[in-house]
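This report describes a pocket, a helix face and a nonpolar core. The sequence and the structure are shown below.

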Amino acid sequence: VADWGKNVGSALAVGFGAATAAATAVITTVDALAKKAGDFQDLAEQTGATAEGLASMAVSAAVGGVSMEDVGAFAVKLTKNLTGVDDESKAAGAAIAALGLDIEAFKKADPTEQLEQIAKALAGFGDGAEKTAVMEALAKGGAKLLPFLKELGAEGGRQVILTQAMIEQ
């Protein structure tokens with residue numbers, strides 16, 4: 001009986017330690033993101049998205065190993081390419097069509113909604129050159145966002161971690 005009690009105590013200690021480590025990781029991530037609230041506001045001003053919308057993608061970006069600055073830069077390039085009248089805009093329009101998205105409705109969407117639509121549409125493509133080609137057609141350098149978009153397209157993609165009111169404070 002004494003050995004059983006020691007084993008149960010050890011198992012509880014290990015389980016409690018793992019739960020504490022996980023909670024600490026979540027708190028550390030949320031704390032770091034809260035400190036970056038001003039950065040989300042800056043990105044919002046650059047992209048035309050809301051700071052809250054951008055912050056809701058931060059966990060997917062972190063898990064995918066992509067910086068939010070890269071996400072913002074892609075959103076800016078995409079907007080430019082969808083409003084321009086050069087070869088890149090033609091390629092971006094063709095890529096939107098290849099994703100099965102309505103170009104006019106897509107243009108009217110908020111940049112964070114556009115990214116989410118792209119992520120969900122890409123989920124239907126096999127990994128490989130086709131995804132890379134689509135992302136590069138949308139905006140040069142877009143392929144480096146593929147790990148982020150994979151996370152964003154997964155179940156639970158966007159997560160509200162900071163509200164607009166929190167960011168403004």
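What volume does the largest pocket have? In this predicted model, the volume of the largest pocket is about 160 Å³.

## Lining of the largest pocket

The residues that line the largest pocket are A119, L122, A123, D127, G128, K131, L146, L149, K150 and G153. Two elements, helix 8 (111-122) and helix 10 (146-153), each give two or more residues to this lining. Helix 10 gives the most, with four residues.

Sorted by class, the lining of the largest pocket comprises five nonpolar, three charged and two polar residues.

## The buried face of helix 9

In helix 9 (residues 129-138), the buried residues are K131, V134, M135 and L138. Viewed down the axis of helix 9, these buried residues fall within an arc of 95 degrees, and therefore they line one face of the helix. In general, an α-helix has 3.6 residues a turn, so residues three or four places apart point the same way.

K131 of this buried set is also one of the residues lining the largest pocket.

## The largest nonpolar core

The largest nonpolar core contains 38 residues, and I118 and L138 are those with the most contacts inside it. Two or more residues of this core come from each of helix 2 (37-47), helix 3 (51-55), helix 4 (58-64), helix 5 (68-83), helix 6 (87-98), helix 8, helix 9 and helix 10.

Apart from its neighbours within four places in sequence, I118 is in contact with F74, L78, L99, L101, F106, M135, L138 and L149. Among these partners of I118, M135 and L138 are buried residues of helix 9, while L149 is one of the residues that line the largest pocket.

How values were computed: Residues numbered from 1 in each chain as written. Predicted model: local features only at pLDDT ≥ 70, side-chain atom pairs only at ≥ 80, totals over all residues. Heavy atoms only, no water. 1 Å grid on protein atoms, 1.4 Å probe; cavity = no way out; pocket = protein on both sides within 12 Å on 5 of 7 lines; lining within 4 Å. Points joined across faces, edges and corners; volume = space filled by probe spheres on them. Nonpolar A, V, L, I, M, F, W, Y, C, P; charged D, E, K, R; others polar. Buried < 20%, exposed > 50% of the residue type's maximum accessible area, 1.4 Å probe, protein only. Arc of directions from axis to C-beta. Core = buried A, V, L, I, M, F, W, Y, C linked by side-chain atoms within 4.5 Å. Contact = heavy atoms within 4.5 Å.
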